[in-house]
Amino acid sequence: MVGAEPKIIIPKIGVEAPVVYDEPNVDEPSYQAALERGVVRLGNTANPGTKGNVVIGGHSSNNVFNAGKYKYVFVNLKRLDVGDIFYLNFEGKRYTYKITVAKKIITPKETSVLAQTEKPTVTLFTCDPPGTNVNRLVVQAEQIDPSPDAATANTNQQTTINEANPLPSVAPSLWDRLFGWL
């Protein structure tokens, strides 16, 4: 039985955390506030079970200055490999995803991972190396259950990319807090 609370479950790295879907803003303060409640879908990217790309960010470091109890939920994302499985519970349904891209490192300004897709896809991202805002670690996966052939069209309003910071940091580092955003 899948509960009503939206969550992500990644058995290989011991993650079970809420997914925040109700923050449409992609500015840094809004995103940071939402991260206090779990991992966060970026803007209005797709919903699980729809054609498109569900983009989800989460913390990778237990920075003492960051609020909330999900400070290092994605710290072990680097341990995931192509072929690993994870789940998203959404609106009382469980969606199963198989990883197709693992350990990809990009700059925070690289937007290719935000592209919408024909297949139901999930992109997970976090800061890398943990505790810094230098790069983003990306994992991508495709839905395998229920059948992606049954996916409906994504009707979410398109997310406006924040050109200055398309992939928001998922935690201001100590360096950032002392000397300003990089």
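Is proline 24 buried, partly exposed or exposed, and why? In this predicted model, proline 24 counts as partly exposed because its relative accessibility is 44%, a value that lies between the 20% limit for buried residues and the 50% limit for exposed ones. Proline 24 is located in the loop that links strand 2 to helix 1 (28–35). Contacts of proline 24 beyond four places in sequence are made with Gly43 and Asn44. The C-alpha atoms of proline 24 and glycine 43 are 4.1 Å apart, although 19 residues separate the two along the chain.

The strands form a closed barrel of 8 members in the order 1-2-3-4-7-8-6-5, and their pairing is mixed. From one strand to the next, the twist averages 30°. Strands 7 and 8 run antiparallel and are joined by 8 bridges; within this pair, threonine 123 has glutamine 140 of strand 8 as its bridge partner. Helix 1 packs on the sheet through contacts with strand 2, strand 3 (39–41), strand 4 and strand 7, and its direction makes about 135° with that of strand 3.

The largest nonpolar core comprises 27 residues, of which Ile8, Ile10, Ile56, Phe74, Leu77, Phe86 and Leu124 touch the most other members. Elements contributing two or more residues to this core include strand 1 (7–10), strand 5 (85–90) and strand 7 (120–128). Beyond four places in sequence, isoleucine 8 touches Val15, Glu16, Ala17, Val19, Val39, Phe74, Phe86, Tyr87, Leu88 and Leu124.

Notes
Residues numbered from 1 in each chain as written. Predicted model: local features only at pLDDT ≥ 70, side-chain atom pairs only at ≥ 80, totals over all residues. Heavy atoms only, no water. Core = buried A, V, L, I, M, F, W, Y, C linked by side-chain atoms within 4.5 Å. Buried < 20%, exposed > 50% of the residue type's maximum accessible area, 1.4 Å probe, protein only. Helix = DSSP H or I, 4+ residues; strand = E, 2+ residues; numbered from the N terminus. Contact = heavy atoms within 4.5 Å. Pairing = 2+ DSSP bridges. Axes fitted to C-alpha atoms, helices over the stretch in contact; angles between N-to-C directions.
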